[in-house]
Protein chains: 2
Amino acid sequence: MSYVQQAYRTLKDRILANRYPPGQQILEQALADDLGMSRTPVREALIRLHDEGLVELIPRRGMRVVPLAPEDMQEIYEVLSALEVAAVELAARRPLEPDTLQPLEDALQAMETRLADDDLDGWARADARFHRALLALSGNRRLVAMAATLADQVHRARMTTLRLRPRPVKSIEEHREVLEALRAGDGERAAGAHRRHRHNAARLLLDLLNYYRLPHL
Amino acid sequence: MSYVQQAYRTLKDRILANRYPPGQQILEQALADDLGMSRTPVREALIRLHDEGLVELIPRRGMRVVPLAPEDMQEIYEVLSALEVAAVELAARRPLEPDTLQPLEDALQAMETRLADDDLDGWARADARFHRALLALSGNRRLVAMAATLADQVHRARMTTLRLRPRPVKSIEEHREVLEALRAGDGERAAGAHRRHRHNAARLLLDLLNYYRLPHL
DNA sequence: AGATGCAATAACGTATACGTTAAATTATTC
DNA sequence: GAATAATTTAACGTATACGTTATTGCATCT
């Protein structure tokens, strides 16, 4: 793996894991020293992270993890919803092999067990898995990629609200409805259900950010 | 303007103008010589163009303008449709000031005059303007940006099919229906109309590519 | 002649060097 | 002492240098 890729992965992982607090500024040279390489590959990795909306690059101030305000969350959720609903519609249009929906079923069952075990992190991982599987079913690689970068952007916020929200029982029901509609071959119902699910999720997240006064994450 | 920005804009313009034939490979050093700068800023610009899906970067072969196959076009149109339809829905949800829809009206009238003058390039510009204005009405900056990169990707194909297709009379009608529905405050009708419009546009483009055996543009 | 191995080439990935200039610090003036 | 000017510092943007390695061409062998 090239140094650029190393830097990209390492920095991205750290940002998603909230190891660099949003708003903090880090100089290119400091990153390079930390990663044990020169500034060149670090800069190239930073450009990619910038294009994905994860960092800002401010001359003489280095990289700055983009703090997301509630309005940003709203924007991101609007786009993400549109993409996922489209994915559901596309998925419903494809021929339904017996095991097509298995990844969804597996993820959904994982969500249920994790929740029963009060393993919230595990639930969040299974939830993400469900959404990724759904996007993959669209068969549209660009759709998958764009949704993934948006999901990355809200990852921090999702993680911090994970323990502030009520147990995601409703959420699981909503996922199940999407899956059942797909299984029944009813694309319209599936899309509608998913649209409602995304709408509720966004509403919940935004209310939490507002209630707990988390102006930017 | 920095050299990176210069390189980015120049290369992007050339790619969209079809000055670099798709598939052709150009070495980093050749680009740098051509642009009168060193490889460093060229490389950084290439990374951005790569992230936008316009070029591939092949070690020891340099940059390669991504040739788009019909399946790629289909993918791009699927995503672009989803984003624009979402934009219409968001736009319909906003308060309707008297001059909110003026940019759309202006673009639409421009489309009509250009078409009456048989100015196809002018029509294409006005069409693009309409779609940009529509996206802007969503008030969602990320939505606008993502749609713009997708529109850039299909730009070459649109230009080459511009003179192979019948006169876009139907297209203008479809735009007008979207505008009228927005004016009437009927978001659902507007979204539906735009969805049909995008569907028709994609179908037309793909049929043309198929009919004229243009396997990758 | 075709295939195989070796040498030469050159393109990339990364490191380093360097000029420019914004920011910070110190000195100076009122 | 506060405000301004002069000086220093250092971070970035870009250029250059360089080692590694894929590719190409040639020579050798069958």
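**Charge tour: a patch and its salt bridges**

Start with helix α6 of chain A (residues 120–137), which gives the most to the positive patch, three residues. Helices are DSSP runs of H or I, at least four residues, numbered from the N terminus. This is a predicted model: local features need pLDDT of at least 70, side-chain atom pairs count only at pLDDT 80 or more, and totals for chains, interfaces and linings use all residues. Residues are numbered from 1 along each chain as its sequence is written, chains are lettered from A in the order in which they are written, and side-chain values use heavy atoms, without hydrogens and water.

Select Arg114(A), Arg125(A), Arg129(A) and Arg132(A): together they form the positive patch. Patch residues have over 30% relative accessible area and no salt bridge, with like charges joined within 9 Å. Zoom in on Arg132(A), which sits in helix α6. Arg132(A) is exposed at 52% relative accessibility (exposed is over 50%, buried under 20%, partly exposed in between; 1.4 Å probe, protein chains only).

Next, the salt bridges (a side-chain nitrogen of Lys or Arg within 4 Å of a carboxyl oxygen of Asp or Glu).

Pick Arg43(A) and Glu28(A), bridged at 3.2 Å, N to O. Arg43(A) lies in helix α3 and Glu28(A) in helix α2, so the pair ties together parts 15 residues apart in sequence.

Move to Arg183(A) and Glu105(A), bridged at 3.0 Å, N to O. This pair links helix α8 to helix α5, 78 residues apart. Glu105(A) is buried at 11%, while Arg183(A) is partly exposed at 37%.

Finish in chain B: Arg196(B) bridges Glu177(B), with closest N and O atoms 3.4 Å apart.

Note on methods: Patches are made of residues with over 30% relative accessible area and no salt bridge: like charges are joined within 9 Å, nonpolar side chains (Val, Leu, Ile, Met, Phe, Trp, Tyr) within 5 Å. Accessible areas come from the Shrake-Rupley method with a 1.4 Å probe; for residues, only the protein chains shown count as cover. Lys and Arg count as positive and Asp and Glu as negative; His and the chain ends are not counted. The place of a charge is taken as NZ of Lys, CZ of Arg, CG of Asp or CD of Glu. Helices (H or I, at least four residues) and strands (E, at least two) are DSSP runs, numbered from the N terminus.
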